[in-house]
Amino acid sequence: MFCTQCPRNCGVDRENGLGYCLSNDVPRISRAALHFWEEPCISGTAGSGAVFFSGCNLRCVYCQNHEISSGGAGIQMSDDDIMRAFDRLIEQGAHNINLVTPTHFSDSVVRILEKYKSPVPIVYNCGGYESVDSIKRLEGLVDIYLPDFKYADNKLAAAYSKAPDYFERASEAVLEMSRQVGKLVLDENGIAKSGLIVRHLVLPGAVSNTKKVLRWIKDYLPQGTIVSLMSQYTPCVSDLESPLDRRISKYEYEIAVNEMMNLGFENGYIQGRRSAQKDFVPDFNALEGLL
Ligand code: SF4
């Protein structure tokens, strides 16, 4: 089958070759473990059952998970193996099953979720560069969408992620996600049950991009949509050129937070500066005991 699972539309036969995402058609999983560094309503007190897919359809030059985005880390797992990993995470108390960077395996995800009846919410935690057709196929299977909205400025998208149509594709995809699951709903303990949270990572030297993303969310998504404005950018890749070779400044993040307030967002998540540390990048070697 020729792959059109994401907007790259590589058209490669993934049984016999690799597309831009550097992945064949069998999911490769680099980490499946309780994860405590998502938004509080996702991680809660017991942790989110995070399953990290290797490879990526964006492969941003500054990727903080570059060990997995290049596709090499982890092991290939069958549908049954993945469902067993879900079971183990739920036995360990996970508040949800959190599919991290699943876009390039969306066909596999649909097939698995049509079989797996999860007692906890399913989170689709993706980079935002999504095919609307793939997102439509997830309707009724995903409870919580947690997309990045990285760029409104397609020059940045082209330079950093080789995705010159990122803004158009992410806009369409996030609107479809919002249509499917609506606004965030929490249980009595403050844990997410369903809905949409849009993430945006503030990049160094790119506050105007952040402002445009926030403006788009305000103008096009329903009032009350939750935004998670992240300050955690850390240069994790060697040889990054300026301005990506530094963390964001306190001043840049303040401008971003002020913009959020000026636009009238009433609820959302902001991060402390301590989040911009390599300690928050997980170890991608945590599959033991889950198979
Ligand atoms: S999922 Fe991978 S192979 Fe398929 S279109 Fe996207 S980048 Fe290309």
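This is a predicted model: local features need pLDDT of at least 70, side-chain atom pairs count only at pLDDT 80 or more; totals for chains, interfaces and linings use all residues.
Q: What span does helix α7 reach from its first C-alpha to its last?
A: Helices (H or I, at least four residues) and strands (E, at least two) are DSSP runs, numbered from the N terminus. The expected span of a helix is 1.5 Å times one less than its number of residues. Helix α7 covers residues 166–181, 16 residues, and reaches 22 Å, close to the 22 Å expected. Gly-182 follows α7 and has a positive phi, near 70°.

Q: Which residues of α7 are buried, and what covers them?
A: Buried means under 20% relative accessible area, exposed over 50%, and partly exposed in between (1.4 Å probe, protein chains only). The buried residues of α7 include Tyr-166, Ala-170, Val-174, Met-177 and Val-181. Their cover includes α5 (132–137), β6 (144–145), α6 (154–161), β8 (192–201) and α8 (207–220).

Q: Which residues touch the most other members of the largest nonpolar core?
A: A nonpolar core is a set of buried Ala, Val, Leu, Ile, Met, Phe, Trp, Tyr and Cys residues joined through side-chain atoms within 4.5 Å. In the largest one, of 71 residues, they are Tyr-62, Phe-86, Leu-99, Tyr-145, Tyr-151 and Tyr-166. The largest share of this core, 6 residues, comes from α7. Apart from it lies another core of 10 residues, among them Cys-41, Ile-144, Leu-184 and Ile-197.

Q: Which strands pair with β1?
A: Two strands pair if DSSP finds at least two bridges between them. Strand β1 pairs in the antiparallel sense with β2 (residues 48–53) over 6 bridges, and in the antiparallel sense with β3 (residues 75–76) over 2 bridges. Leu-34 stands opposite Gly-49 in β2, and Ile-29 opposite Ile-75 in β3. Because 7 of the 8 residues of β1 (residues 28–35) are buried, the strand is largely enclosed by the rest of the structure.

Q: How many disulfides are there?
A: A disulfide is a pair of cysteine sulfur atoms within 2.5 Å. The count comes to 0. The sulfur of Cys-63 is 6.3 Å from the closest cysteine sulfur, in Cys-56, too far for a bond. Cys-63 is buried, with a relative accessible area of 14%.

Methods
Residues are numbered from 1 along each chain as its sequence is written. Side-chain values use heavy atoms; hydrogens and water are left out. Contact means heavy atoms within 4.5 Å.
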